[in-house]
Every structure is written in C-alpha cells, then in structure tokens.
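Subject: Structure handover

Hi,

Here is the structure for your files. Please look it over before reading the notes below.

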Amino acid sequence: MLVQQIVNGFTIGSVYALVAIGFTMVFGVLELTNFSNSSLYMFGAYITFLFYTATGIHFFLAFGISIVLTGLLGYGIDRFALRQLRKKKAPKLSGLITTLGMSMVVDNAIMVFFGTDSKSFENFLDFGKIYIGSAVVTWTQIIILIAACILMITLSVITYRMKIGKAMGAIAQNQDAAKLMGIDTDKIISLTFIISGFLACIAGTMVAMYYRSIDTAMGSSIGIKIFAAAVLGGVGVLPGAVVGGLVLGIVETIVSAYISTGYRDAISFSILILVLLVMPNGLFGKKAINKV
Amino acid sequence: MIEKLSTWLVRYKRTLLIITALLAVLFPWIFSSKYVLRIAILCLMYCMLCVSLNLMAGVLGQISFGHAAFWGIGAYTAAILSKNYGWNGIAALLMAAVIAGLFGLLLSLPVMHLKGYYFTIVTMVFCQIIRVIEINWMSLTNGPLGIMAIPKLSFFGVTLKSQRAYFYVILFLLAAATFIVRKIIHSRMGYAILAIRDDELAAGAMGIHVFKYKVYAIVISSMLAGAAGCFYSLYTSYIDPSCFTNAISNNILVMVIFGGLGNIFGSFFGATVLTILPEVLRGFSEYRQLVYGALLVVLMLVRPDGLFGSVNFKYIEQRLAWKKEKAGGDGHE
C-alpha cells in the first residue's frame, strides 16, 4: 500500500518536476516569476490533441509539432512583451503582471477555441504494467519518471557545464555587464523561454496521456504547485526543482491516502511554509547576502 | 498625458474633491437602476480592498498574492456570527476585522524574514490553505455549498434592504479605510514602514523596529480587508469558497498595480476601471477575459509602473506652490 502510494507520488512529482524545471530556469536567468508557464503546459497538451485528432497524423509527429509550437509561444511571450519591458528597464513586478496577462490570454483563447468540457486523450505510452511486490507500476509512470530525469540531466549539463549555461549565469548576475562581455542577452533569454516551452509541452502531453483526458482547468490547478515545487527546492536551482517536485508529489499522495483527501493541499502547503521557516532559501538554494 | 492629468488633478484638488464627494453622495439618486448601483457598490468594495492591499504591497513593499484570504475570512466570520449567533452588523464588522487581523498576525510571523518570491509563494499558498479549509470544514462553513440566507445588515433594529442604503454603508467604510491608511502613511509609523520598504537592513540600523512595523502594516491591512469581507457577505447574503480564490487575489493585486503601487488615488482608479471594464466588455461575452488579459499586457508595455505609479503627487504639489509663490512675489516687486 505504502509502496504503491510512493510510486504514484513519484509520477505526480515527476510531472511537477518537469514543469518546475522550465519555471526555475526562467527564474534563474531573469528573476521573473513566470505565471504563463502553466498556460504553456495546457497549450502543449491541447495542441498535441488538436494535431492528432484533426489531421490524423502519427501521434509522435503531432507531439513533435506541438513541442515546437509551444516553444514558439514561449518565445513569443518573451519577444513581444518581456523584451520590450527589459528595454525600458521596467520594474520586475511589471514583468510578472505581463506574464499573468499573457496566461489569461492563452487560457481563454484555449477555452474559446476548444470549449470548456474535458476531452479524452489516448495513451500511447501504455505498454502494460509490472509488479513490484504488491505495488503495480505502469510503464507510463516509469516513462514519465525517466523523461523527467533525462531532461533534468540534459538541462543541468547545459546550464552548469556548457557555454550557453555560463552565459545564462552571467545574465542572471548582471545583464549589462553580460552584454559588454559580448553575450547576446536577448538570444540567450529567448532560448530560455523556448526551453521552458518545450518542457511545459512535454509535461502537459504526458500528463494528458497518464490521466487520459485534458480539460481547461489543468493549467490553473498545476500553476501554484510548480511554483511551490520550485521554491521548495530553491528557486533557480535545477536539481532543486526536481527534488521539490518529487517531494511535493509524494507528500500529496501520502497525505491524501492516509490523512485526508480534502485537506491534501492545505497540509502539503503547510509543510512548504514550515520548510521555508527553517530554510528560508529552500532545500538547495544558496543563501542570499543582504547588503546595504 | 498622465503627467498633465496629474498636474491638473493636483491644481484643482480641492474643487475636484468636493465634486467627487458630492457625486458620490448623490450617486444613488442620480442612477436608480439596480444593476448600476450593484456595480457601483462592488466598485467601492474593491476600492476598499485595494486601499488595504496597497498598505501591504505599496507602502510596505510586500507583494501579497493572498489578499482574498483575509477578505474571505472576514466574510465567513461575519456570515457565521450573524447567521448562527444573531450578532448585529456593527459587532460582526468589528469581529470580522479582528479575526482577519489575527490571521494577518499568523501570516506575518512566517513571512517576516522572507522576501520577494518567497513572500509571494507563502501568501499564495496561504490563500489556498484558507480556501481548502473553507471547502472542507463542513460543520462551520457548510463546505462548497456555501452559506445561504445570511441576514441582511441591520443597525439598531433597522434592517437595510435597499441598494441605496448599502451604497452609503460601503461609501462610509471606504472613506474610513482611506482615512486610516492616509493617516498611517503620513505618520511616524508610515515613514518607518516606507523606510523598511526601501531598505530593511538600513532601516533597522537607523533604529526602526522592523519587526513591529511590519506586523502592524500586515495586521492593519488584513483587518481592513476583513471589514470589506464582512460587508460583502452581509450585502450579497450568500458566500461560498469559490468567491475567495487565488484568481481573486490576483485580480485585487492587478488593480493595485494597474493604478500604481503605493498610490491611494491610483488604487481607486485601478479598482474602478478594472471593475467596470469587464461589465463594459460583457458584449464580447466569451472573449471578455481574453481582452482583459491583453489589455493588461498592453498597459504594462505602455506604463510599466502602473498608471500613476511613477507620478509623485507631493512633488507636483510643491512645485505648483513654488510657482505660485514666485508669481506672487514678482507681482509685489
């Protein structure tokens, strides 16, 4: 029973982790709380659905097109709104409100176009299940977890080992100085948004397959959780986002199995507050030094 | 354009204030349609919420994404007290403010040392926790069904039924809230809070009791929101947990930022425009939220500080006074 709950928790958690990585990457580079991330997640799932059902092409081709389109949407949000704000040296808060507005636009556009009823989604990762003791693990769950791990490792290598990652770090520290060092800041920031779009789309489509349905509330229900997962792990730290997501997922499933389903969110969020009380920078966050 | 408008506003401040006050008092007699009055009442209530949030977000500089939680706590307190225990309006209002203030105190303790996005997530999560409790504590809050048939507001045996009466009640509450917040901003405490906003460490080094003033600002802000919540539940006589979601918290914050952080006039403006706007857009029906979101993005692109965020009314006032003095002086010589 407990093992089964942990397995389920791992699955939910790896989904949170997938979206939280994109969120935390944008945050790490721009210190921007990107509210439109959960909209990208929903957008990705819906676009996959649209291409698959409307054109009848192979599912994974539709998935690929959807990933590209969601990346483009992420790029668009940066290119047509946030970049203009950066040019004006606008306060950080206006960037946040902009992403909130963008998320409203995307969410409602989806609602208008597809309708608010939930749609059934075929599961293409259904390769049966395996038994570990008394627990049942489906291949879908394993694939989601593996995908989360692979993407985390790839992105960690990119951000912490490659030149692009170094550029991202430089932009995070000081944009003007980074520009003077010959870094094309706009290009790197756009790339970050594209990557976060890719991740959101992959996560959205995989969740749609796991639950076999999509609806227009899927974005808003996950939004606050990916933020929580990223903060729990320490904002801007990629492995932190993954651990935060997994911990949140496991806590959630265990609480709803053994304590109360209704109070699930209240309890898991209270734990988050407690963790922040003890570790104000999250589990893996670096301590910020206050200077006057 | 905004600069010109602001100068104009400051120049004719007294006349405009009198005209606005007169208009506000006469409003329910000019417009008698129930629909218009209802929108006006909601407008004033959102103004009150924005003024209270502005104290926390604009003056103290802690951007809260959970203001609807306090509003909801006030609403539920008033609803339960007046329905189950037969409390009268004034007592319920005071108690709603006190309970919301207590929760504000409770929230202020964990967020004391948190800044920026950590504060954001804790307030967001706080709003969610309160909502989950509202949904699940069946015996107290009647869960997702909400509390129905909350007795209407009554003063000394007179029950208020007409929209007009409620209009005057919320007008009075808003005036009181604005008065309190203005008094605070222009007092020693207000300067201390502003100093904390600009630099917490430096403020502490200057001898300002950071902890105390932070708690004061958060508690007062949440008390005012609680009072607004009490009004809401007694006015609509029906509340359920879906009234107090994170989306509503975001809306209130957007109103404050739309008008300009730390600016009471801006808050009024933001709350009024963004309450009326969805009603005007009702013709677009399903595209309403889409247009609203797009407008937000455009506004931020045009004025990143909000409409009146970068306007310093005090400076304009001083400059005008100086010009006047100079002109007067020239005349004498």
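Does A:K89 count as buried or exposed? A:K89 counts as exposed, because its relative accessibility is 60%. The cut-offs are under 20% relative accessible area for buried, over 50% for exposed and partly exposed in between, with a 1.4 Å probe and protein chains only.

First, the ground rules. This is a predicted model, where local features need pLDDT of at least 70, side-chain atom pairs count only at pLDDT 80 or more, and totals for chains, interfaces and linings use all residues. Residues are numbered from 1 along each chain as its sequence is written, chains are lettered from A and ligands numbered from 1 in the order written, and side-chain values use heavy atoms, without hydrogens and water.

Backbone

A:K89 sits in the loop between α3 (59–87) and α4 of chain A. Its phi is positive, near 55°, and A:K89 is not a glycine. A:R212 is another non-glycine residue with a positive phi, about 60°. It lies in the loop between α8 (185–211) and β4 (213–214) of chain A. A:R212 counts as partly exposed, because its relative accessibility is 41%. For context, most residues other than glycine have a negative phi.

Chain A

Chain A has eleven helices and four strands. These are DSSP runs numbered from the N terminus: helices are H or I with at least four residues, strands are E with at least two. The radius of gyration is 19 Å, which agrees with the value near 19 Å for a compact globule of 292 residues. That radius is taken over C-alpha atoms, and the globule rule is 2.2 Å times the number of residues to the power 0.38. The C-alpha atoms fill a box of roughly 60 × 50 × 35 Å along the principal axes. Of the 292 residues, 55% count as buried. Contacts are heavy atoms within 4.5 Å. Among those in chain A with a separation of 6 or more, 75% join residues 24 or more positions apart.

Chain B

Chain B has 15 helices and two strands. Its radius of gyration is 21 Å, close to the 20 Å from the globule rule for 333 residues, so chain B is as compact as a globular protein of that length. The C-alpha trace spans about 75 × 55 × 45 Å along its principal axes. Buried residues make up 53% of the 333.

Cavity and pocket

Both come from a 1 Å grid over the protein atoms alone: a cavity is a set of points where a 1.4 Å probe fits but cannot get out, a pocket is an open set with protein on both sides within 12 Å along at least five of seven lines, and lining residues have an atom within 4 Å of a point.

The structure holds one cavity of 30 Å³ or more. Grid points are joined across faces, edges and corners, and a volume is the space filled by probe spheres set on the points. B:F258, B:L274, B:L277, B:Y292, B:L295 and B:L296 line the largest cavity. α14(B) gives the largest share, three residues.

The second largest pocket has a volume of about 950 Å³. Its lining has 37 residues, with A:D107, A:S220, B:N246, B:A247 and B:N250 nearest the centre. α9(A) gives the most to this lining, with eight residues.

Best wishes
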